[in-house]
Amino acid sequence: MTHILSNTSAALPGDGPRRGPGPIAALDPRVRILSAIAYGVFVVALDNLVALTAALALSLTLLALSRLPPARTLKRVAMVDGFILFMLLLLPFTVPGDPIFTLWGYSASWQGLARAIQIGLTANAVVLALITLVGTMEPVTLGHALYRLKTPETLVHLMMFTIRYVEVLRQEYLRLRAAMKVRGFRPGTNWHSYRSFGYLVGMMMVRAIERSERLLGAMKCRGFSGRIVLLQEFRCTRADALFALVLFGAFALLLTLELTLR
């Protein structure tokens, strides 16, 4: 017996958004993964603000075709923006150029502002496309498709187990924190709090090791041999070819904008 990845497997805790019922969900997962990679590489290479704005519009079009909840999806993109917002605010003050205004002796430049807008448009376009094309796939489907694209089995196994057990570790952490609160622990800036959090991390590692040993034993009992045997074959259809053709046509249009407006 061997480990089996199947599209019909039950969803795992923390899987994220379900596959939408739109045209994007009907495409071959391999085509979606390759399209997302090509899209990310191409958009990152763009510099012109008009071309990047068109790329963001293309990402929003993909969002509409996927029929994902727009508010929830854009909220996820905004969470990603929170990580780069600080950098974008500093760029106008760190890139030399024509000054806009001066704050506390530091001059903000138009060139720095343009670079911040460029990075913001690029990040949002790429992240939105990745969420639409890849983020809507169930983890089992994603692992299945990556394996069919000749991704090493070890990496596929690591990805699958990581997705599955991140949520398990989070639940373990919440249980331990609840136990600490019941015992009257209140975090503060003192050595007792630091020591308690150290014990918390150590206990999580111990329980993770114990759980991994139990999991390994269960897998061996079920005949796990380290190989992935897939029950379902992916097939490219005319819809996949049409989607790839339209997407590369959009790439050609973006490239034309980039070269014309440079």
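Let's start with the parts list: the chain has 8 helices and 4 strands. Helices here are DSSP runs of H or I with at least four residues, strands are runs of E with at least two, and both are numbered from the N terminus. Reading from that end, the elements go β-α-α-α-β-β-α-α-α-α-β-α. Residues are numbered from 1 along each chain as its sequence is written. Keep in mind that this is a predicted model, where local features need pLDDT of at least 70, side-chain atom pairs count only at pLDDT 80 or more, and totals for chains, interfaces and linings use all residues, while side-chain values use heavy atoms, with hydrogens and water left out.

The chain averages 78, and 85% of the residues score at least 70. Confidence is highest in α1, at a mean of 88, and lowest in strand β1 (residues 3-5), at 39. A contact means heavy atoms within 4.5 Å.

Now for the chain as a whole. Of its 262 residues, 34% count as buried; that label means under 20% relative accessible area, with exposed over 50% and partly exposed in between (1.4 Å probe, protein chains only). If you take contacts between residues at least 6 apart in sequence, 75% of them join residues at least 24 apart.

Next, the inside. A nonpolar core is a set of buried Ala, Val, Leu, Ile, Met, Phe, Trp, Tyr and Cys residues joined through side-chain atoms within 4.5 Å. The largest one has 33 residues, and those touching the most other members are Tyr-39, Val-43, Ala-55, Leu-133, Leu-142 and Phe-243. Two or more residues each come from α1, α2, α4 (110-133), α5, α6 and α8 (238-260). Apart from this core lies another, of 6 residues, including Leu-63 and Ile-131.

Val-43 gives a closer look: leaving aside neighbours within four places in sequence, Val-43 is in contact with Leu-52, Ala-55, Thr-122, Ala-125 and Val-126. Ser-59, in helix α2, is buried, with a relative accessible area of 0%. Beyond its neighbours within four places, Ser-59 is in contact with Tyr-39, Ala-125, Leu-128 and Ala-129.

What about the loops? Asp-47 is found between α1 (29-44) and α2 (49-66), and is partly exposed at 45% relative accessible area. Setting aside neighbours within four places in sequence, Asp-47 is in contact with Leu-52, Gln-118 and Glu-258. Asp-47 and Glu-258 are 211 residues apart in sequence, yet 7.1 Å apart in space, C-alpha to C-alpha. With Gln-118, Asp-47 makes a side-chain to side-chain polar contact (3.3 Å). Such a contact is a pair of N or O atoms within 3.5 Å; within protein, one must be able to donate a hydrogen and the other to accept it, and residues adjacent in sequence count only if both atoms are side-chain atoms.

Another loop, between α5 (139-148) and α6 (153-182), holds Lys-150. Lys-150 has a positive phi of about 70 degrees although it is not a glycine, and counts as exposed at 72% relative accessibility.

Finally, how many disulfides are there? A search of the whole structure finds 0, taking a disulfide as a pair of cysteine sulfur atoms within 2.5 Å. Cys-221 is exposed, at 71% relative accessible area, and Cys-236 is exposed too, at 53%.

Terms used. pLDDT is the predictor's confidence in each residue, from 0 to 100.
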